[in-house]
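Shall we take a look?

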Amino acid sequence: MEEMFQKRNVPGNFNHSMLEENRVMKRKIKLALIATYPTMAEIFVDITKDRGDLEARSIYASFDRAAQIAREMERTGEVDVVLSRGATAAQIQSSVELPVIFIPITPFDVIQVVRKLGASVRRIALIHYMRHVPGVQEIAKMYNIQVEEYSFFSQKDIEAAVYDAYRKGIRTIVGGEVSVRVAKSMGLSGFQVSAGREAVERAVEEALTVFTEKQKERNKAVQMKAAYDSLKEGVVVMDEEKRIVVMNRVAEELFDRKYKLGDRAGTDVIGDKYWQQCQAGKECSVYLRKIKKATYGAAHMPVTRKKRFIGVVTRLEDVTRTQEMEQKIRNELHLKGFVAKYRFENIVTADSGMKRVLQQARVYAATDSSVLIEGESGTGKELLAQSIHNASCRADGPFVAVNCGAIPENLLESELFGYEAGSFTGAKKEGKAGLFELAHNGTLFLDEIGEISGNVQTRLLRVLQEREIMRVGGSRIIPVNVRVISATNRNLRTFSQEGGFRGDLYYRLNVLHLSLPPLRKRMGDVPVLAERFFREYGKNEEKQARRLKAVIPILTSYSWPGNIRELQNTMERYGVLSELMETERMGEEELREILGTSRQDGADNTMQLDIRLGGELSEIVKQVECEVAKRYLEDYGNNQDLAAKALGIGRTTFWRKCGGKGEEAHGNSSR
């Protein structure tokens, strides 16, 4: 057992990386040992004498005298760390702000004393400062003796311990220098426990570690101060007693440098109303206040630890500068193209159904929920998405649009979520932010959402659930605050039921739903839109009006499979050609050729009919005519005049083909 203790306590090497760090310090580390007995000082001097990175000194003193010496060294800056032992170390620690390292009694130190005791000594009293010495009772068993342990905090405790041991018949006292002196004054045997070389070495190593950490803390404090001072806004941190913990340069200037760290500044920085609100755990959102004849946005945030209020962080920002910065950011985003250009005011319609869609979209704009817009290609889904964004609280944020169907699957994932440097061949060496990051605090418009792959669907679902992304090839979680508006020309519900799209993602995207009608179902909008698109061509308004009037019947008899986009392109072509030709004098077929709207063109020009057979041919023909008439009526937005014209029959005939119920069922939509 004795050999085991000896092997475990062989003096070891210092932490070389720590010593290397100390060697690069600009000055030597100043250590002072205040020893309670000469042997400890001798060991300390021997350990530190050849160290080029240390400036070491030792003083022989204890209790009050030791504390007095430590205070004087602190005042004159002679020492960085103090080492001492037991109650003396404790008294020094309570007297100075310097780090104080305790040199402990180790089991090996106790063994060294016990080995010196005569065979007649069977009972001893071990008196040590405060801390329990591990392994004492195991040592007692090993040497077949009884050990009575006493802890002390002051010299009076030592005297009481020696007296109690004497009363119990114990005549051998083991302890520090004071314990031995008191024992001998009472006629008892006293043996001093001396700190061994290993204990002193460990204390020196701990002193170096503590000093290094203190230096790091000081450096960190300087860096944090520099960081706070670099901010353009004023920052003040106060503790729960309204004492200043941090005040940066801007805040110091705002308050005319009349405060320093530790001062109470609650009245100036934060009023009682806001202080009480923070104490209750509620953040005080930005409000305007006057400071030195300028307007500042002030905000206060409570600081808590384990749900206990421990202070307040106050931010003071120059409102004028903030407005200038926001304008600069908006200009930069505009240059990058992340700006929504269209508003609800830009959407022209005379159709009651379309007006209902717009009214619904305005309501949706006031919320922050995901929106799914369904509609055929060319119906204006992105224009509607931009309008929702510009009418929302995110209007000052970016609007980022991506056509999911136009980007290959292997690139879409990195476009949406970004990637880290070296993630794949061809990646930028510095990495790249994804569209979700670029759309932070704004809106991300995902067009043709039904075309994304299953893998991208899975990642997109996670973003919508967690509001955070991870770049391709990265491990860092990035929180994002993005509203997603998606669009599709598919019936996404049916597509998900068929297994082509994740059902859980569909419901995440389809919190709010908008369905844009195709142009053929809002034919009343064709003349209005045609006039708007045609307006910019030609300078003679009267001639322009005649040219437009000549083609309106043709435009309203066409089904517009490409919807508004096709109409816009058609009017652009007609506008260019009408300046070169006398189009107002052309016949219908010539105009149709120029417009590209022949009667055979168009989508949905077939239909399936369920006909009841068994009657006469005339009855079967009536059924077919009625179904075709109803289909045309639906395609032309319940406008009987346009439907009749498209079929090449009169309005009365059309009404009769519908079974004589068209007027009653549909009313006169043309009025």
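Q: What counts as a helix or a strand here, and how many helices and strands are there in the protein?
A: Helices (H or I, at least four residues) and strands (E, at least two) are DSSP runs, numbered from the N terminus. In the protein there are 29 helices and 20 strands. Keep in mind that this is a predicted model, where local features need pLDDT of at least 70 and side-chain atom pairs count only at pLDDT 80 or more, while totals for chains, interfaces and linings use all residues. Residues are numbered from 1 along each chain as its sequence is written, and side-chain values use heavy atoms, with hydrogens and water left out.

Q: How do I read "buried", and what share of the residues in the protein is buried?
A: Buried means under 20% relative accessible area, exposed means over 50%, and partly exposed is in between (1.4 Å probe, protein chains only). Of the 671 residues in the protein, 44% are buried.

Q: What is a contact, and what does I291 touch?
A: Contact means heavy atoms within 4.5 Å. I291 lies in strand β11 (residues 284–291) and counts as buried because its relative accessibility is 7%. Leaving out residues up to four places away in sequence, I291 touches L254, Y296 and L316. Its C-alpha atom is 8.5 Å from that of F255, which is 36 residues away along the chain. Across the protein, take the contacts between residues at least 6 apart in sequence: 62% of them join residues at least 24 apart.

Q: Where is T36 found, and is T36 buried or exposed?
A: T36 is in the loop between β1 (29–35) and α3 (38–48). T36 counts as buried because its relative accessibility is 10%. Not counting residues up to four places away in sequence, T36 touches Y60, A61, S62, T88 and E177.

Q: What makes an aromatic pair, and how many aromatic pairs are found in the whole structure?
A: Rings of Phe, Tyr and Trp (its six-membered ring) pair if their centres lie within 6.5 Å; planes under 30 degrees apart count as stacked, over 60 as edge-to-face and the rest as tilted. The whole structure has 11 aromatic pairs. One of them joins Y129 and F152 edge-to-face, with centres 5.7 Å apart and 65 degrees between the planes. Y129 is in strand β5 (residues 123–129) and F152 in strand β6 (residues 146–152), so this pair ties together parts 23 residues apart in sequence. Both Y129 and F152 are buried. Y129 also pairs edge-to-face with F153, at 6.2 Å centre to centre and 75 degrees between the planes. F153 sits in the loop between β6 and α8 (155–167), so that pair ties together parts 24 residues apart in sequence. F153 counts as exposed because its relative accessibility is 55%. Ring pairs link F102, Y129, F152 and F153 into a cluster.

Q: What does it take for a charge to sit over a ring, and which ring does R459 sit over?
A: The test is that NZ of Lys or CZ of Arg is within 6 Å of the ring centre and within 35 degrees of the ring normal. The charged end of R459 sits over the ring of F417, 4.3 Å from its centre. F417 is one of the buried residues in helix α17 (residues 409–417). R490 lies over the face of F495, at 4.0 Å from the ring centre.

Q: Why might two charged side chains pair up, and how many salt bridges does the structure hold?
A: Side chains of opposite charge can pair when their charged atoms come close. A salt bridge is a side-chain nitrogen of Lys or Arg within 4 Å of a carboxyl oxygen of Asp or Glu. The structure holds 27 salt bridges. One of them joins R197 and E201 (3.8 Å, N to O); both lie in helix α10 (residues 197–230), four residues apart, about one turn of the helix. R197 is partly exposed, because its relative accessible area is 34%, while E201 counts as buried at 11% relative accessibility. Another salt bridge joins D504 and R502 (2.7 Å, N to O). Salt bridges that share partners join D46, K49, R197 and E201 into one network.
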